[in-house]
Amino acid sequence: MKAGVLALQGDFREHARMLAAAGASPLEVRTPEDLAEASCLVIPGGESTTIAKLARSAGLVEPIRERAADGMPMLGTCAGMIVMAERVVEGEPLLGLIDIGVRRNAYGRQVDSFEADVDVEGIDHPVRGVFIRAPLVEDVGERVRVLAEHEGHPVVLEQGSLLVASFHPELIGEHELHAYVLGKV
C-alpha cells in the first residue's frame, strides 16, 4: 500500500521511515497526481501558514478535502493538526476536516519544547511524543473522540478516518500512530 506524506514543508524522511516501519510504501505528495496514488496521507509538522500557502499554490487543498470526504485515512501531526482543524484561534483554517478548535504555539516557544509519554486508546503501550511549539486543542466537536490527553488537554483525537496529534511522534522513531492510521485503509 502506498502511503503519502505531504512533502511541501516538514520532514518527509522521518514520516516515511515511520510509514515503512508500519508496513507501507511511502510516497512524497507534492501534486494532486501524487495524492491520487496514495491510500492514506500524513500531514507533517512545520509552519502551518507556510504549509497552507504551499498547499494552495500546488492545487492540493480541494483534492485533499475530497479524498477526506471519500474516507481516505489521514494523520496530522503538530502543524498537520492545525491545517486539518475546522477552527483556528486567531487564524484561518485551511482544510477544515476535523471538528476541533486549536490555538497555535500554545505550549510555548521552541525553547519550551519537551517530550512526554502519552497513553493512547487503542495502542497497548505509551506513545512518546515531542511537543515543539505544539497546538493546544481548545474545543472538541461531538463527532470527535479524544484518544489521549496530556495534563488534562486532548493531544490525540480521531474523527472517522482522520487522526491528529499535537506532537511529533516521528522525531523519536515512534510509529504506532502511523500504524493506527494505516489500519484504517
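Q: What is a salt bridge, and how many does the structure hold?
A: A salt bridge is a side-chain nitrogen of Lys or Arg within 4 Å of a carboxyl oxygen of Asp or Glu. By that criterion the structure, which is a predicted model, holds 17 salt bridges.

Q: Which residue forms a salt bridge with arginine 87, and where in the chain do the two lie?
A: Side chains of opposite charge can pair when their charged atoms come close. Here arginine 87 pairs with aspartate 139, and the closest N and O atoms are 2.4 Å apart. Arginine 87 belongs to strand S5 and aspartate 139 to strand S9, so the pair links distant parts of the chain, 52 residues apart. Arginine 87 counts as partly exposed at 30% relative accessibility, and aspartate 139 is also partly exposed, at 32%.

Q: Which residues are linked with Arg87 and Asp139 in a network of salt bridges?
A: The network also takes in Glu86, Asp99 and Arg143.

Q: In what order do the strands of the open sheet with S5 and S9 run, and which of them stand at the edges?
A: The order is S5-S6-S9, three strands with mixed pairing. Strands S5 (85-88) and S9 (136-140) stand at the edges; each has a single partner strand, so one side of each is left without a neighbour in the sheet. From one strand to the next, the twist averages 35 degrees.

Q: How many bridges join S5 to S6, and what is the bridge partner of alanine 85?
A: Three bridges join S5 to strand S6 (residues 98-103), and the two run parallel. Alanine 85 has isoleucine 98, in S6, as its bridge partner.

Q: What is the N to O distance in the salt bridge of arginine 128 and aspartate 117, and which strands does the pair link?
A: The two side chains meet at 3.3 Å, N to O. Arginine 128 is in strand S8 (residues 127-131) and aspartate 117 in strand S7 (residues 114-118), eleven residues apart. Both are partly exposed: arginine 128 has a relative accessible area of 27%, and aspartate 117 has 48%.

Q: What is the nearest side chain of opposite charge to glutamate 174, which is buried yet has no salt bridge?
A: That side chain is arginine 128, 8.2 Å away. Glutamate 174 is found in the loop between S12 and H6. Its side chain reaches the backbone nitrogen of glutamate 176 at 3.2 Å. Not counting residues up to four places away in sequence, glutamate 174 touches Met18, His125, Pro126, Val127, Arg128 and Pro169.

Q: Which residues of helix H4 are buried, and what covers them?
A: In H4 (residues 61-69), Val61, Pro63, Ile64 and Ala68 are buried. The cover includes strands S1 (2-6), S3 (40-43), S4 (74-77) and S12 (162-165), together with helices H2 (32-37) and H3 (48-57).

Notes. Residues numbered from 1 in each chain as written. Predicted model: local features only at pLDDT ≥ 70, side-chain atom pairs only at ≥ 80, totals over all residues. Heavy atoms only, no water. Pairing = 2+ DSSP bridges. Helix = DSSP H or I, 4+ residues; strand = E, 2+ residues; numbered from the N terminus. Axes fitted to C-alpha atoms, helices over the stretch in contact; angles between N-to-C directions. Buried < 20%, exposed > 50% of the residue type's maximum accessible area, 1.4 Å probe, protein only. Contact = heavy atoms within 4.5 Å. Lys, Arg positive; Asp, Glu negative; His and termini not counted. Polar contact = N/O pair within 3.5 Å; in protein donor to acceptor, adjacent residues only side chain to side chain.
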